[in-house]
Amino acid sequence: MTEPTSIRPDQLPATIRDYLAAHQARDTDAALGAFTPTAVVIDDGTTYRGTDEIRGFLSKAGAEFTYTTTLVAAERVDDTHWVAAHRLEGDFPGGVVVLRYRFALDGDRVAELVIAP
């Protein structure tokens, strides 16, 4: 990988933009469609592998809280690695956090997503 380059959010690949919109809308089926069948998602120290586990993650991620999400930054690392930073504000512990969604693409699908501060 190379040093990340800041980009406009609309310069993220369509797959990532579509995933982020579906995830924010809590549209599990549309969000799941962005992933390869063998994709891996890592969130809050838990790893989800494959379609069934990722479906479970998508259906419950943040469901116990009310929050708003604002895309505050985007980066291109290389042709297959991208980062989208979101600021979340809500009724979760701490109330505000910036999470970095680190994507690895395989063609036009997400092969890996790591979500961390």
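**Reading the fold of a predicted model**

Modeller: Of the 117 residues of the protein, 38% count as buried. The model is predicted.

Biologist: What makes a residue count as buried?

Modeller: A relative accessible area under 20%. By that cut-off, 38% of the 117 residues are buried. The accessible surface of the protein comes to about 6,600 Å², and 50% of that belongs to carbon and sulfur atoms.

Biologist: Which pattern does the protein follow along the sequence?

Modeller: The pattern is β-α-α-β-β-α-β-β-β-β, from three helices and seven strands.

Biologist: What is the order of the strands in the sheet?

Modeller: The order is S1-S4-S5-S6-S7-S2-S3, in an open sheet of seven strands with mixed pairing. On average, neighbouring strands of this sheet are turned by 25° against each other, direction ignored.

Biologist: Why are strand S1 and strand S3 called edge strands?

Modeller: Strand S1 (5-7) and strand S3 (46-49) each pair on one side only.

Biologist: How do you know that S2 and S3 pair?

Modeller: Pairing takes at least two bridges between two strands. Four bridges join strand S2 (residues 35-43) to S3, so by that cut-off they pair. The two run antiparallel, and valine 41 stands opposite tyrosine 48 in S3.

Biologist: What makes the pairing of the sheet mixed?

Modeller: The sheet has mixed pairing, as strands around S7 show: S2 and S7 run parallel, joined by five bridges, whereas S6 and S7 run antiparallel, joined by seven bridges. Isoleucine 42 stands opposite valine 114 in S7, and aspartate 106 stands opposite arginine 109 in S7.

Biologist: Which residue takes a positive phi in the hairpin of S6 and S7?

Modeller: Glycine 107, with a phi near 65°; the hairpin has two residues between the strands.

Biologist: Which strands does helix H1 lie across?

Modeller: Helix H1 (residues 14-24) lies across S2, S4, S5, S6 and S7, and runs at about 135° to S6. Helix H3 (residues 50-60) lies across S2, S3 and S7, at about 50° to S2.

Biologist: What share of the contacts with a separation of 6 or more comes from residues 24 or more positions apart?

Modeller: Such residues account for 44% of those contacts.

Technical notes
Residues are numbered from 1 along each chain as its sequence is written. This is a predicted model: local features need pLDDT of at least 70, side-chain atom pairs count only at pLDDT 80 or more; totals for chains, interfaces and linings use all residues. Side-chain values use heavy atoms; hydrogens and water are left out. Axes are lines fitted to C-alpha atoms, for helices over the stretch in contact, and angles run from 0 to 180 degrees between N-to-C directions. Contact means heavy atoms within 4.5 Å. Buried means under 20% relative accessible area, exposed over 50%, partly exposed in between (1.4 Å probe, protein chains only). Accessible areas come from the Shrake-Rupley method with a 1.4 Å probe; for residues, only the protein chains shown count as cover.
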